[in-house]
Amino acid sequence: MKRTLKALVVACGAVVSAFGVGAGTTPAQAQGKTITLCWAAWDPANALVELSKDFTAKSGIGMKFEFVPWTNYADRFLNELNSHGSLCDLIIGDSQWIGGAAENGQYVKLNDFFKKEGISMDDYMPATVVGYSEWPKNTPNYWALPAMGDAVGWTYRKDWFARPDVQTDFKAKYGRDIGVPKTLAELRDIAQFFQGREIDGKKVYGASIYTERGSEGITMGVSNYLYDYGFKYDDPKKPYSMDGFVNSASAVKGLEAYKDLYKCCTPPGASNSYMSEGLDAFKSGQVALQMNFFAFFPGLYKDPNVGGDKIGFFVNPAGPAGQATQLGGQGISVVSYSKNQAEALQYIKWFSGGDVQKKWWALGGYSCAKSVLNDPSFPNSAPFAKEFLQSMGMVVDFWAEPSYAQLLQAEQKRVHDYVVADKGTAQEALDGLVKDWKAIFKEEGKKF
Amino acid sequence: MIPVPGSVHAMNELSASSRITYRAVRVRPGVARRIRGLSDKTLAWLFITPTIVLLLAINIFPLLWTIYLSFTNYRANRANVPTIWLGADWYQSILTDPDIWAAMQVTAHFVIWTVVIETVLGFGLAYLIDKKFRGHGLWTTIILLPMMLSPAVVGNFWTFLYQPQIGLFNYVVAFFTGRAASSFQMLGDVTLSPWAIVIVDAWMWTPYVMLICLAGLRSIPDYIYEAAEVDRASKWRQFWSITLPMALPFIMLAVLFRAIENFKMFDMVNLLTGGGPGSTTEVASITLKRAAFESWRTGYSSAFAIILFVTVFGLANIYVKALNKVKSR
């Protein structure tokens, strides 16, 4: 029995040391200098791993990466931030998180650091500064360095468009040449034209668009239509006043148009599609058009089956009220719970360097630095560079309020109910959305 | 040989076990004395204390804490905001929210249909397997395979099986009905998706019900059937008068387990449909997860969790009472 008790004591000691001492040991203490960067698991993340090798070589600080697939990205890292976890020293957090992260003290405010290191936000594209760094919006309070510019764009099958039979049939049906759509109406025609058509003995479909229900998919998709039709988040003169802006007659038409595109021209089973489903549909040669973020375009261009000469890129076409596109992308922030803030800030300083930004773009990341984007050679540096530049000039972002997740959930539900589940009318969906958003802002203590 | 109560064999077994118990009782005080004068009671407490502490720490305390939070405006992502006591506001708001009732209806549809299908099929399979035909062991193993898989795996591969263009399910339906395989989508259609999740759950958990029912069927002593045969009772009569009543407590137990489990179903449905299309398959636990870990309305979601807990606990208690009545018959 004594032996058993001894064994128990030893086992308890082992458990205590594993949980107690182990939990208090940071990577930096354990392995010299190592910091952890958290981001989504996607193509640009691989480019960042490659790029960061230069940082390690220069500073001697090791880099660890924590990449999570997009579908779990927000859940995983917001949990981490909300539980004051110190897993991430640096985080490339989504643009909408900035309000909550700033107000809840999860990100380190970078104004003093920028001033000390001579980093100026004037050196970055204005849309990315507002979208990724500032909270409150349009005030000089910076919580991140613009890291990865992104927006929703479109890809199309250039090789299909170039086929004589396609060109002839399209002209016969629509009375014009098939080409890159300039308007959403033209886009719909093209999508409808390809829907169910046989190409090389295979049935193909019109377009892959965002319809995902669980996270943010359908909102990121429908916004591209809503903005072009005149939807606005609130009255520019009276913040948070949404009646007649969110649910205006033109916004209703935009929502109807998106549903129409979903019903007429998407592949069967596309009721829950987001980024990866869009990529699958395009790469497998199922669709003629694909809505997706620019971040994926370098990878698609390199694809052996649909890349190269077979793929073309275009910006979100114009609608009746104008032309805009949904902002994607993220800024890089220092987590306030990090025990390695000095090293993390050192990384940000290094990342802001002009040469690093150039290499970042060359490796497949999207720089937000004017030194890269305003370079005369930039538009021709990649087949999608010109479109990216154009898109970044017309981006609009979702609410970045601390309650963004609730606001997003409400839109996901209302829009999916209408577009995919055929519940109610577009007017009812947007009226319901205004009602939900008002309730959320009321709970937040906003006055409107 | 199955020991019949009152037989010599059973008495021998009983007396043997009594001897063992008696010897064990005789030995215990000596052992206690040897361990530094600890009494039996102290020793017992020493052994169960870690379990009780663990139980208090990971079950009782969180439950009490959740009850407290359900009366406040607390949000886990805004620790710096002062916590305000709201009384029963959240409970009132939840119980009058049509979206919550819609989620409860979806849950009820899912629970009722899965339990009915799994019970009927599970009992049917158990009845067949109990007949001990050649190779019944192999068939039992094959039938049990789905329940051995992780719900995450099941959710993922059924997403592929339901895929309208390449999914096997659609092709099988197309083969039997003559409809084009891509003409319907199980997961994207508001009418079909509630049934799509029922089918997957039934596929996965019918073997579990079968296993419990099989245990029930095998617990029925052969001599009862032999007596029925002597009385020239038909097979049909034997089924209704012997098999079903004697297996009923087991069937009811399986129903209880499956109903509780499916009432809180999350992982599989989340992977299959994410609650969509729209909110067609948004079961209560998905609504709860969204409120708790996406909106971070901790107080609100605590109240909702308590409501769900009370519902399951209350229904389960009523059911257990009914089960006890059946057993005592």
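Tutor: A residue is buried if 20 or more other C-beta atoms, placed from the backbone, lie within 10 Å of its own, exposed if 12 or fewer, and partly exposed in between. The model before us is predicted: local features need pLDDT of at least 70 and side-chain atom pairs pLDDT 80 or more, while totals for chains, interfaces and linings use all residues. Residues are numbered from 1 along each chain as its sequence is written, and chains are lettered from A and ligands numbered from 1 in the order in which they are written.

Student: Is B:Arg232 buried or exposed?

Tutor: B:Arg232 is exposed, having 7 C-beta neighbours inside 10 Å. Its phi is also positive, near 60 degrees, although B:Arg232 is not a glycine. To place this residue, note that helices (H or I, at least four residues) and strands (E, at least two) are DSSP runs numbered from the N terminus. B:Arg232 sits in the loop between helix 9 (222-230) and helix 10 (235-263) of chain B.

Student: Which phi value does A:Asp200 have, and where is A:Asp200 found?

Tutor: A:Asp200, again a residue other than glycine, has a positive phi of about 50 degrees. The loop that holds A:Asp200 runs between strand 6 (198-199) and strand 7 (202-203) of chain A. A:Asp200 counts as exposed, since 8 other C-beta atoms are within 10 Å.

Student: Which residues does the cis peptide bond with omega near -5 degrees join?

Tutor: That cis bond leads from A:Trp135 to A:Pro136. A:Pro136 belongs to the loop between helix 7 (126-132) and strand 4 (145-148) of chain A. In chain B, the bond between B:Gly276 and B:Pro277 is cis, with omega about 0 degrees. B:Pro277 is placed in the loop from helix 11 (267-272) to helix 12 (284-293) of chain B.

Student: What is the order of the strands in the open sheet of chain A?

Tutor: Two strands pair if DSSP finds at least two bridges between them. Here five strands form an open sheet in the order 2-1-3-12-4, and the pairing is mixed. Strand 2 (62-68) and strand 4 of chain A are the edge strands, each pairing on one side only. From one strand to the next, the twist averages 30 degrees. Within the sheet, strand 1 (residues 34-40) and strand 3 (residues 90-94) of chain A run parallel and are joined by two bridges. A:Cys38 stands opposite A:Ile91, which is in strand 3 of chain A.

Student: Which strands does helix 3 of chain A touch?

Tutor: Residues are in contact if their C-beta atoms, placed from the backbone, lie within 7 Å. Axes are lines fitted to C-alpha atoms, for helices over the stretch in contact, and angles run from 0 to 180 degrees between N-to-C directions. Helix 3 (residues 43-59) packs on the sheet and touches strand 1, strand 2 and strand 4 of chain A, with its direction at about 170 degrees to that of strand 2. Helix 15 (residues 341-351) of chain A also packs on the sheet, touching strand 1, strand 3, strand 4 and strand 12 (330-334), and its direction makes about 145 degrees with that of strand 12.

Student: At what angle do the axes of helix 3 and helix 16 of chain A cross?

Tutor: The axes of helix 3 and helix 16 (residues 354-363) of chain A cross at roughly 140 degrees and come within 9 Å. These two helices of chain A are therefore oblique to each other; angles under 35 degrees count as roughly parallel, over 145 as roughly antiparallel, 65 to 115 as roughly perpendicular and the rest as oblique. The contact is formed by A:Ala47, A:Glu50 and A:Leu51 of helix 3 with A:Lys359, A:Trp360 and A:Leu363 of helix 16.

Student: How far apart are the axes of helix 12 and helix 20 of chain A?

Tutor: The axes of helix 12 (residues 249-265) and helix 20 (residues 426-443) of chain A are 9 Å apart, and the helices pack at an angle of about 115 degrees. In helix 12, A:Ala251, A:Val252, A:Leu255 and A:Glu256 meet A:Ala426, A:Gln427, A:Ala429 and A:Leu430 of helix 20.

Student: How many helices and strands does chain B have?

Tutor: Chain B has 13 helices and zero strands. Of its 329 residues, 30% are buried. Among contacts in chain B with a separation of 6 or more, 68% link residues 24 or more positions apart.

Methods. Two residues are in contact if their C-beta atoms, placed from the backbone, lie within 7 Å.
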